[in-house]
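Hi everyone, thanks for making time today. Have a look at the model on the screen, and I'll walk you through its pockets and a few of its helices and strands.

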Amino acid sequence: MSEHAPDGCDWLGAMAARHSVRAYRADPIPLRVLEQLQQALHNVVPLRGDVQVRISLLPYAAISSRIAVGAILPVRPAPYYLIMHAPAHPFRMEEVGFRGEQVILQATALGLGTCWTGAFRASDALAHAVGASKAEIVALSPVGWPARGIAARAAYAAVETFAARRGARKPLGEVAFAGTWGRPVEQKLLAPSLERALDLARLAPSWSNVQPWYFLVRASEVLVFADSRPQRGNSRPGKPYYRLDAGIAACHLYLALVAQGVNCICEGLADLEPATRQELQLPEHVVPIARVAFAAA
Ligand SMILES: Cc1cc2nc3c(=O)[nH]c(=O)nc-3n(C[C@H](O)[C@H](O)[C@H](O)COP(=O)(O)O)c2cc1C
């Protein structure tokens, strides 16, 4: 359960500014910035304390092979890579999303570019470098200074053109419900801090921009769900990336509330009793991921 998000980061600005960077400058990352990134790794707060996740920051040279870092990857590799790995566990995907996005946002706040990457082929060298099995490697992200110019724009557009909705996000009314499933939330009835947090959750990155998340807004909590229907290859054996995406969205929701001074906690949400599912009118394809509860002031 997350009760204390690390402060000292402009979370709201980072969520608004972040986008996937697919081309990098060769310039090295200064030691001072690398130390701040290491600190970001250290500061990460979990969704569930009992799920093991590790995030390793490695120089490209340590990975040594382009094949190791993926099929669809930056035109020019980045100087560093975040390698996110976790042993098999029913809740590991959302945990990787929730924790990994905190590092991605802190990197964004430092001016660095990143790109969540799920379409990679882990090599023995990569697994050895992080001390994990290949199956444990869940996601990667390059980290470096974004390249500018036509090549960089082309690298971005090449992927986003084929992404769902060409990179645009779903309107809030499509993914946020009030009380029970399917009743679109009325934005004018939301507290401004919650409205802003839901909007920033809507901007979260997801596998091919599928945005497989839903928010059920109740009196003193928001329940986060994932759409478990496979879309655009987002469900791989042992790696349901839709759960990872919903973990990222839960991270945005939680950090956006905390950054606005809302006293809240975020915790993993396991299977719900059939009676609760019925009461909330949940369709079969949605799976619970997280709960953000507003603590009494
Ligand atoms: C779990 C996950 C896996 C992703 N895998 C890839 C990938 O393999 N290659 C890639 O270029 N982008 C990948 N992306 C980035 C998405 O395509 C991107 O987040 C989405 O299209 C929205 O664009 P934005 O990040 O610029 O806001 C991935 C994102 C997530 C969250």
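Sorted by class, the lining of the largest pocket has 19 nonpolar, 8 polar and 6 charged residues. Here Ala, Val, Leu, Ile, Met, Phe, Trp, Tyr, Cys and Pro count as nonpolar, Asp, Glu, Lys and Arg as charged, and the others, Gly among them, as polar. Before I go on: this is a predicted model, where local features need pLDDT of at least 70 and side-chain atom pairs count only at pLDDT 80 or more, while totals for chains, interfaces and linings use all residues. Residues are numbered from 1 along each chain as its sequence is written, and side-chain values use heavy atoms, with hydrogens and water left out.

So, which residues lie nearest the centre of the largest pocket? They are R22, W116, S206, W207 and S208, out of 33 lining residues. The elements giving two or more residues to this lining are α1 (11–17), α7 and α10 (241–259). The volume of the largest pocket is about 680 Å³. A pocket, on a 1 Å grid over the protein atoms alone, is an open set of points where a 1.4 Å probe fits, with protein on both sides within 12 Å along at least five of seven lines; lining residues have an atom within 4 Å of a point. Grid points are joined across faces, edges and corners, and the volume is the space filled by probe spheres set on them. Domain 1 (11–160) and domain 2 (165–294) both contribute to the lining, so the largest pocket lies between them; the bounds come from an automatic or database domain assignment.

The second largest pocket has a volume of about 160 Å³. Of its 11 lining residues, G8, C9, Q36, Q106 and L110 lie nearest the centre. α2 (31–43) and α5 (92–109) each supply at least two, and α2 gives the most, with 4 residues.

Last, the strands. In β6 (residues 213–218), 5 of the 6 residues are buried, so β6 is largely enclosed by the rest of the structure. Strand β5 (residues 176–178) runs parallel to β6, joined by 3 bridges; pairing takes at least two DSSP bridges. A178 stands opposite V217 in β6. Helices (H or I, at least four residues) and strands (E, at least two) are DSSP runs, numbered from the N terminus.

Notes. Buried means under 20% relative accessible area, exposed over 50%, partly exposed in between (1.4 Å probe, protein chains only).
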